[in-house]
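Subject: Structure handover

Hello,

Here is the structure I promised to pass on. My notes on it follow below.

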Amino acid sequence: MISSLLEKIKGQSIKGEEIIEPRIGVANSISSKGFHKLMYREWGEPFVPGVSEDTIPVMCLHGLTRNSRDFDQLAKTFAPTRRVICPDTVGRGHSDWLRTHDDYNLPQYNLDVAVIAARTRAVHYDVIGTSLGGLMGIILASMDRSPIRRLVINDIAPEIPMVALQRLSKYLGENPLFENLEQVEAYIREKYSSFKPMNDDNWKAMAENSALKSEEGYRLTYDPAIAKNYHRYWLLMHFNVWNYWETITCPVLVIRGTESDFLTESLVEKMKQTLPHAEFIEFEGVGHTPTLNSKEQIDPILEWLNKE
């Protein structure tokens, strides 16, 4: 998957007369059963030793079944002033699938983030984490000598309500075969109907970025085996990371869609009580998750990250 991507880079945009496009990178990480390759997109000015050390890059971590392309619009907006690193979490997008579903867990995901940070020379960095990516960010930010300067959490709490987990479990692990991208788009529109804002162009792009073509047709770009650990740890054990959340010392911004079933009002109140320095913003009429693809959602994040 990675080799074909390197031959055909997509996601270009125009800023005046200048073409902005990501640099495609590959990192080699390790799990319990061997090595695996991780693909990432890097936007903005490349790292230059002796020149770029003072510029803090932004690491964007996507949701459970999503991929790095979800941050395309945000990265394009940030690119003139910030270096942005958008990995495909292992088992998603163009990164390798793991040999055993047991390794699809938060410690593995964060080990991979550390590998990509080292690969891209990101000694210190800001994190924007959507859903699962937000949980990854919470754990990374809580650790001793954490490299995270500022943390943005997009529509997730240290605890996930059972109703939200059950809704996700209805389609997680499905492995549908599609005849064409129109069928992919119809599927994406149904499963991610709470994502906002989205227009026809956004849905079309998401469909194109969420499926890979094979001889049989189109398949989704994530390993269905991810569902096995999800059902074991999240549904059965009602997974939570409050113990990590309570020890975070870096600045934190939490984003919430007012119609979210993942980040409820009661969970927001608990987050405020247990981490008083965290800041919160809400987007009206948005469910799980805010897509961070519009000026209204991107600008407040950029402004907050650029605070001294």
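The axes of helix H6 (residues 181-191) and helix H7 (residues 200-209) cross at roughly 110° and come within 8 Å. Axes here are lines fitted to C-alpha atoms, for helices over the stretch in contact, and angles run from 0 to 180 degrees between N-to-C directions. H6 and H7 are therefore roughly perpendicular to each other (under 35 degrees counts as roughly parallel, over 145 as roughly antiparallel, 65 to 115 as roughly perpendicular, the rest as oblique). On the H6 side, the contact is made by Leu181, Val184, Glu185, Ile188 and Arg189. H7 brings Asp200, Trp203, Lys204, Met206, Ala207 and Glu208. Contact means heavy atoms within 4.5 Å.

Some ground rules. This is a predicted model, where local features need pLDDT of at least 70 and side-chain atom pairs count only at pLDDT 80 or more, while totals for chains, interfaces and linings use all residues. Residues are numbered from 1 along each chain as its sequence is written, and side-chain values use heavy atoms, with hydrogens and water left out.

The overall picture

The protein has 11 helices and 12 strands. Helices (H or I, at least four residues) and strands (E, at least two) are DSSP runs, numbered from the N terminus. Of its 308 residues, 57% count as buried. Buried means under 20% relative accessible area, exposed over 50%, and partly exposed in between (1.4 Å probe, protein chains only). Take the contacts in the protein with a separation of 6 or more: residues 24 or more positions apart account for 74% of them.

The sheet

Eight strands form an open sheet with mixed pairing. Their order is E3-E4-E6-E5-E7-E8-E11-E12. Strand E3 (23-31) and strand E12 (279-283) stand at the edges, each with a single partner strand, so one side of each has no neighbour in the sheet. From one strand to the next, the twist averages 20°. Two strands pair if DSSP finds at least two bridges between them.

Now the pairs. A hairpin joins E3 to E4 through two residues. These strands pair in the antiparallel sense over nine bridges. Val26 has Met39 in E4 as its bridge partner. Strand E4 (residues 34-43) has eight of its 10 residues buried, so it is largely enclosed by the rest of the structure. E4 also pairs with E6, again in the antiparallel sense, over four bridges. There, Tyr40 stands opposite Pro87 in E6.

Strand E5 (residues 58-61) and strand E6 (residues 84-87) run parallel, joined by two bridges. Met59 stands opposite Ile85 in E6. Helix H4 (residues 132-142) packs on the sheet. H4 touches E5, strand E7 (125-130) and strand E8 (148-154), and its direction makes about 150° with that of E8.

E7 and E8 run parallel too, with five bridges between them. Val152 in E8 is the bridge partner of Ile128. E8 is mostly covered, with six of its seven residues buried.

Which residues of helix H5 (residues 162-169) are buried? They are Ala164, Leu165, Leu168 and Ser169. They cover an arc of only 135° around the axis, which puts them on the same side of H5. The arc is that of the directions from the helix axis to the C-beta atoms.

Glu174 lies in the loop between H5 and H6. Glu174 is partly exposed, at a relative accessible area of 28%. Not counting residues up to four places away in sequence, Glu174 touches Tyr187, Lys191, Tyr222 and Pro224. Glu174 and Leu220 are 46 residues apart along the chain, yet their C-alpha atoms are separated by 9.1 Å.

A residue to look at in H10

Met271 lies in helix H10 (residues 265-274). Is Met271 buried or exposed? Met271 counts as buried, at 0% relative accessibility. Leaving aside neighbours within four places in sequence, Met271 is in contact with Ile156, Ala157, Pro158, Trp242, Trp245, Val254, Leu263 and Phe280.

Best wishes
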